[in-house]
Amino acid sequence: MSDPFDLVEHVPEGPADTPAMAPAPAMGADLNAEQRAAVEAVDGPVLVLAGAGTGKTRVLTTRLAHILATDRAKPWQVLAVTFTNKAAREMRERVGRLLGCSVDGWWVSTFHASAARMLRAHAERVGLQPNFTILDTDDQLRLIKQLLEARNVDAKRTPPRLFLGIISRWKDRGLTPEQVTDAEGADAADGQALVLYRAYQERLKALNAVDFGDLLLHGLTLFREAPDVLERYQRQFRYLLVDEYQDTNVAQYLWLRALAQVHRNICCVGDDDQSIYSWRGAEVGNILRFEHDFPGAKVVRLECNYRSTPNILAAASALIAHNKSRLGKTLWTERTDGEPIIVRGVWDGEDEARTVVERIETLRAGGHRLGEMAILVRAGFQTREFEERMMAVGMPYRIVGGARFYERQEIRDAIAYFRIVAQPADDLAFERIVNVPKRGLGPATVQNVHRLSRADGVPLSLAARRLVETDELKPQARASLRRLMDAIDRWRGGMTTMAHPDLARLILDESGYTEMWQRDASPEAAGRLENLKELIGAIAEFDTLGGFLEHISLVMDNDEAAEGDRVTVMTLHAAKGLEFDSVFLPGWEEGVFPNQRALDEGKDAALEEERRLAYVGLTRARKRAFVTYAANRIVFGYWKPAQASRFITELPADAIVAQAAAGLTRPTHAAIVDVRTELAVAAGFRTGGPVGRAPMIEGTAVRVAPRPEPRHTFAAGQRVFYQKFGYGVVVGVDGDLLKIDFEKAGTKTVIHSFVDTVG
DNA sequence: TCCCTCCTTGTTTTT
DNA sequence: CAAGGAGGGA
């Protein structure tokens with residue numbers, strides 16, 4: 001399969017594609033009764049309600065294998081969709097292993113990838129060209145900014161993000177601008193949002209571009225406007241498998257429903273208790289609608305948990321039982337072993353990081369692998385303190401998420417170069433690179449190109465080409481723009497004559513982009529050049545530049561190989577679907593988790609989603625969980641007293657052990673009615689004043705946890721080592737803070753306790 | 001045209 | 001407290 005744009009028409013149908021598979025009876029012989037029921041109920045609609053750790057992926061993959069093994073369908077007649085790239089990858093691997101064959105070209109992928117694949121094949125039916133560009137959030141925002149500017153909307157009062165959010169939610173619900181009701185349209189941002197939505201869609205079409213939401217939305221339009229196409233897919237896909245069904249939004253639901261109409265063999269696997277993406281348009285209601293839209297659907301519950309100890313299950317079950325809106329499942333296990341969950345109060349975030357990392361160190365000393373431990377946080381900002389602590393003590397760790405590979409500046413720049421070469425009409429790419437590196441083509445020149453582009457109704461790159469033939473530009477800008485446009489033409493020629501990795505390198509070299517970073521003296525420059533090299537390497541794995549661009553626009557996650565034995569740090573959202581022996585759950589405080597926004601909304605729905613997130617966190621643990629909450633937390637740069645999370649009070653007393661740091665009162669759950677207040681008062685507050693200033697103490701039973709003693713004394717001129725920036729010389733001392741002139745990283749201010757003396 | 005400084009704003013979560 | 005954007009000055 002060489003061209004990812006061209007799939008449907010050429011799916012091989014011969015026997016060569018039939019995998020050499022194990023005989024059917026052997027398939028999944030070790031499943032339990034419910035799992036087996038879910039696997040073998042192949043015909044007709046099936047809804048599998050699968051609790052955490054009940055073998056849901058196993059059921060899905062076995063079911064797929066079973067369908068093929070019993071010859072009910074050929075591989076290309078099964079559509080299996082998941083939500084994340086990670087899950088899709090895993091399913092492909094497991095199915096491949098199960099059947100002992102390659103799954104290349106099969107319809108086993110994410111919703112977005114499947115929808116994109118169909119859309120590529122029938123782009124013209126919805127007014128697109130097959131090589132349309134898929135925009136990411138960054139592109140979308142810039143586009144919206146431009147539209148707002150053009151309409152003289154004050155970007156300060158109404159931030160572009162807000163509009164993007166509204167438009168995305170509409171798309172999640174499968175609504176084109178025409179389908180948004182007048183009432184709702186008038187309501188959103190005083191009616192401006194709907195006007196903007198229309199303009200935005202027009203602009204996208206002109207750019208031959210789509211955003212993520214469009215992949216599904218245009219997919220629906222395609223099905224509506226081209227019944228022949230829909231019918232063909234309906235007939236093709238005899239079996240549909242859907243993973244993480246609770247995360248589907250309305251558009252995805254409608255898309256599935258349309259496809260399932262003919263054969264009605266659709267199997268959705270999900271867990272309403274793990275629905276944590278409603279903010280992104282996911283509709284738990286889809287689970288309820290399923291039985292309504294597919295009457296007679298068989299419902300299978302998987303409740304036997306194979307992952308966690310009884311204590312962990314008891315805690316998770318008790319917690320989630322506080323949610324009102326749920327279908328209700330009871331997880332059980334045959335196991336009897338297990339440690340209690342430790343719930344520990346700490347002084348502040350720093351204390352929390354120290355405590356958690358110490359515990360990790362103890363486990364490691366006891367022979368546990370770091371790769372089996374994870375710190376799961378509510379929000380990204382919480383990772384910082386753990387990162388600093390682990391860096392300071394030399395604990396190997398990896399942060400999942402954060403600045404992802406394809407979102408880094410240098411990667412996005414490079415990709416913009418490739419895009420403008422492969423897709424001449426890609427105005428966004430043109431704008432991104434026209435003056436990067438600086439070549440004297442500032443806003444004034446770009447304005448000129450824009451004007452001509454609008455007047456002639458042609459893409460920016462074509463307008464630029466025409467502009468250099470006129471004398472409208474100053475000689476310098478004109479020469480510079482001509483050089484750039486000549487180069488782009490040359491690179492386009494290279495697409496047919498050169499190997500594409502070579503072409504990619506040539507583009508980066510000739511454009512001066514590589515040189516720009518080589519000349520850059522900042523400490524990140526070396527890493528950026530490294531990343532660019534890696535990018536070229538990634539390109540080499542694809543057959544065409546176009547294929548690569550398709551891949552990266554859909555697969556934006558970096559599966560950085562987790563080499564070595566490391567602690568994983570990530571958000572609870574990112575942890576869904578994973579499991580670890582030991583799970584650390586910090587920041588269980590009101591306002592952090594459940595987070596402030598959920599509390600502000602004051603609605604049950606938001607709070608219940610937070611609780612589901614807590615449930616997801618606990619159920620990631622196989623053997624032990626460690627929950628912490630701090631008495632004091634820095635919020636927006638100011639100390640605030642914190643209350644233990646209500647979720648802590650919802651854990652059953654007999655499954656946990658309560659602990660507290662010195663100076664803090666140990667929580668006694670069973671007896672205290674409102675543990676939260678009790679804890680907060682007993683703990684004492686450190687309030688007021690910006691960070692760094694001496695804390696003010698309120699309350700009575702207060703003891704301030706001692707700050708860690710500096711391990712060394714420092715003076716100007718002292719040569720030092722700091723893990724993050726390397727070697728340097730102290731140039732100033734200010735209390736806890738050291739100003740250090742680093743050899744590689746320049747002058748930085750760091751906290752003394754992480755700095756080591758040298759020599 | 002570019003750079004610097006001041007000021008605002010924000011903290012979920014991701015295909 | 002951070003980072004990112006806007007605005008002003010060289």
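In which sense do strand β2 and strand β6 pair, and over how many bridges? In this predicted model, strand β2 (residues 78-82) and strand β6 (residues 239-242) pair in the parallel sense over four bridges, pairing being counted where DSSP finds at least two bridges between two strands. Val78 stands opposite Tyr239 of β6. Helices (H or I, at least four residues) and strands (E, at least two) are DSSP runs numbered from the N terminus.

Both strands belong to an open sheet of six, ordered β3-β2-β6-β7-β1-β8, with parallel pairing. Because β3 (107-110) and β8 (298-302) stand at the edges with a single partner strand each, one side of each has no neighbour in the sheet. From one strand to the next, the twist averages 15°, angles running from 0 to 180 degrees between N-to-C directions, with axes fitted to C-alpha atoms and, for helices, over the stretch in contact.

Turning to helix packing, the axes of α13 (residues 310-320) and α27 (residues 604-618) come within 9 Å and cross at roughly 175°. That makes α13 roughly antiparallel to α27 (angles under 35 degrees count as roughly parallel, over 145 as roughly antiparallel, 65 to 115 as roughly perpendicular and the rest as oblique). The contact (heavy atoms within 4.5 Å) includes Ile312 and Leu319 of α13 and Arg611 and Tyr615 of α27.

Residues are numbered from 1 along each chain as its sequence is written, and chains are lettered from A and ligands numbered from 1 in the order written. Local features need pLDDT of at least 70, side-chain atom pairs count only at pLDDT 80 or more, and totals for chains, interfaces and linings use all residues, while side-chain values use heavy atoms, leaving out hydrogens and water.
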